[in-house]
Amino acid sequence: MSADDRSLGDAVGSASSVSTLRSSILAQVSRSFYLSIRLLPKKLRDPVSIGYLLARASDTIADATDLPIELRTEKLRVLTRGIQGEALGDAIVDLSAAVAPLQKDKAERALIESLQSCLDWLDQSDVEDREDVRATLALINRGQLLDLERFPKPKQIVALKTSAELDEYTYLVAGSAGEFWTRLCFRHLPKFTSRSETEMLGLAKSYGMGLQLINILRDAGADLRAGRCYFPDDELHSAAMEPSQILRQPERFQPIYRKWREKAERGIETGIKYAKAVRNRRVRIATALPALIGARTLALLRNAGATALHRHIKVPRKEVRAIIMSLLFSFGSRSRIQSLYRELAR
């Protein structure tokens, strides 16, 4: 086979891999966010997609509890170096071989098996988009590594020390993603918004942090059973509580839980403000959707009260479809986004 034939074969194989990542794996590992991604113009869709896939893959490695925490940390550091463009030889192949078989979810396993294809896709991206993806993933990966450092013993519940640590974590793993989205939109979309980039970056940071807080609130019970308490130890101390008491005495914990739920609500309000400032209707719908689902999730958590720590709270798929259809039928009108938000937040 000639060199030209090999190059053509590599190009065809690469295109096929990217197509699979876009159409199959992304849809399976991100059913909610995938709906937003599909609405985006292509020039936004690709960098958002590859950024999401690599963030999800690194999160999957961090959560691979069948591996000792030292090994998870090592594998996550390897992927982090690969994302930043280091030549790692067979290290990514070895990583996939070690982690993929441990995944019970078929989509997660397929994603880990496709890590090299994800890195190849990133390498082939537009230069500015690639550097933005790498800068954002450096922050996300730092947050994931901090998690592994702060919660080293699954059988012993450890709490974050202060609210500053929780704010730092939510910024690193989600607020930074909001900033990434915003930089992409300002670069690729003429007249993205009448607001300044600085103002939109601030709104995006708060919005992303609010979305991550919802994840923390929704998963609090499961996290506590896994030895992770994201609620600050100084606040628990003021309430004369230990992290180990939260699941046994959820009513006593409610003032602290309520404080962080209300902060998440403010973040979602910021997300609605952000979405309404977007001029492109498709991007406006894509931006508003997570906020609306988040508003409904917070309402469910609020209504569940102390029982939320012992239940799996999730917006039913039927409701998510109804939100999407309402946004589409209104062509993403600002008034409909606002009215939907009021309805869902009740």
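1. Start with Ile50, which sits in helix α3, a helix of residues 42–62. The model is a predicted one. Ile50 is buried, because its relative accessible area is 0%. Which residues does Ile50 touch, leaving aside its neighbours within four places in sequence? They are Cys118, Trp121, Leu122 and Val133. Take Leu122 from that list. Ile50 and Leu122 are 72 residues apart along the chain, but their C-alpha atoms are separated by 6.6 Å.

2. Next, confidence. The mean pLDDT of the chain is 92. Of its residues, 95% reach 70 or more. One stretch needs care: over residues 1–15, pLDDT stays under 50. For that stretch the model has two contacts beyond four places in sequence. Where pLDDT is low, the predicted coordinates should not be read in detail. Please keep that in mind when looking at residues 1–15, where pLDDT stays under 50.

3. Now helix α4, which covers residues 69–83. How does α4 lie against helix α7, residues 115–123? The two axes come within 10 Å and cross at roughly 25 degrees. Angles under 35 degrees count as roughly parallel, so α4 is roughly parallel to α7. On the α4 side, the residues that meet α7 are Leu79, Gly82 and Ile83. On the α7 side they are Leu115, Leu119 and Leu122. By class, this contact has five nonpolar residues, one polar and no charged.

4. From α4, the contact takes in Ile69, Arg72, Thr73, Leu76, Arg77, Thr80 and Ile83. From α8, it takes in Arg134, Leu137, Asn141, Gln144, Leu145, Leu148 and Glu149. What classes make up the contact of α4 with α8? Six residues are nonpolar, four are polar and four are charged. Ile83 is on the list for α8, and Ile83 is also on the list for α7.

5. Is Thr80 buried or exposed? Thr80 counts as buried, because its relative accessibility is 17%, and the cut-off for buried is under 20%. Thr80 is also among the residues of α4 that meet α8.

6. Lys75 is buried, because its relative accessible area is 13%. Not counting residues up to four places away in sequence, Lys75 touches Ile61, Asp94, Leu95 and Ala98. Trp260 gives a contrasting pair: the C-alpha atoms of Lys75 and Trp260 are separated by 32 Å. Those two residues are 185 apart along the chain.

7. Check the backbone in two loops. Most residues other than glycine have a negative phi. Lys191 has a positive phi of about 55 degrees, although it is not a glycine. Where is Lys191 found? Lys191 is in the loop between α9 (163–188) and α10 (197–218). Lys191 is exposed, because its relative accessible area is 70%. Phe331 also has a positive phi of about 55 degrees, and Phe331 is not a glycine. Phe331 lies in the loop between α15 (317–329) and α16 (334–345). Phe331 is exposed, because its relative accessible area is 57%.

8. A loop residue can be buried too, as Gln245 shows. Gln245 lies in the loop between α12 (233–238) and α13 (250–277). Its relative accessible area is 16%, so Gln245 is buried. Leaving aside neighbours within four places in sequence, Gln245 is in contact with Ala240 and Arg252.

9. Last, the cysteines. How many disulfides does a search of the whole structure find? The search finds zero. Cys185 counts as buried, because its relative accessibility is 2%. Cys229 is buried as well, because its relative accessible area is 0%.

Conventions. Residues are numbered from 1 along each chain as its sequence is written. This is a predicted model: local features need pLDDT of at least 70, side-chain atom pairs count only at pLDDT 80 or more; totals for chains, interfaces and linings use all residues. Side-chain values use heavy atoms; hydrogens and water are left out. pLDDT is the predictor's confidence in each residue, from 0 to 100. Contact means heavy atoms within 4.5 Å. Helices (H or I, at least four residues) and strands (E, at least two) are DSSP runs, numbered from the N terminus. Buried means under 20% relative accessible area, exposed over 50%, partly exposed in between (1.4 Å probe, protein chains only). A disulfide is a pair of cysteine sulfur atoms within 2.5 Å. Axes are lines fitted to C-alpha atoms, for helices over the stretch in contact, and angles run from 0 to 180 degrees between N-to-C directions. Angles under 35 degrees count as roughly parallel, over 145 as roughly antiparallel, 65 to 115 as roughly perpendicular and the rest as oblique. Ala, Val, Leu, Ile, Met, Phe, Trp, Tyr, Cys and Pro count as nonpolar, Asp, Glu, Lys and Arg as charged, and the others, Gly among them, as polar.
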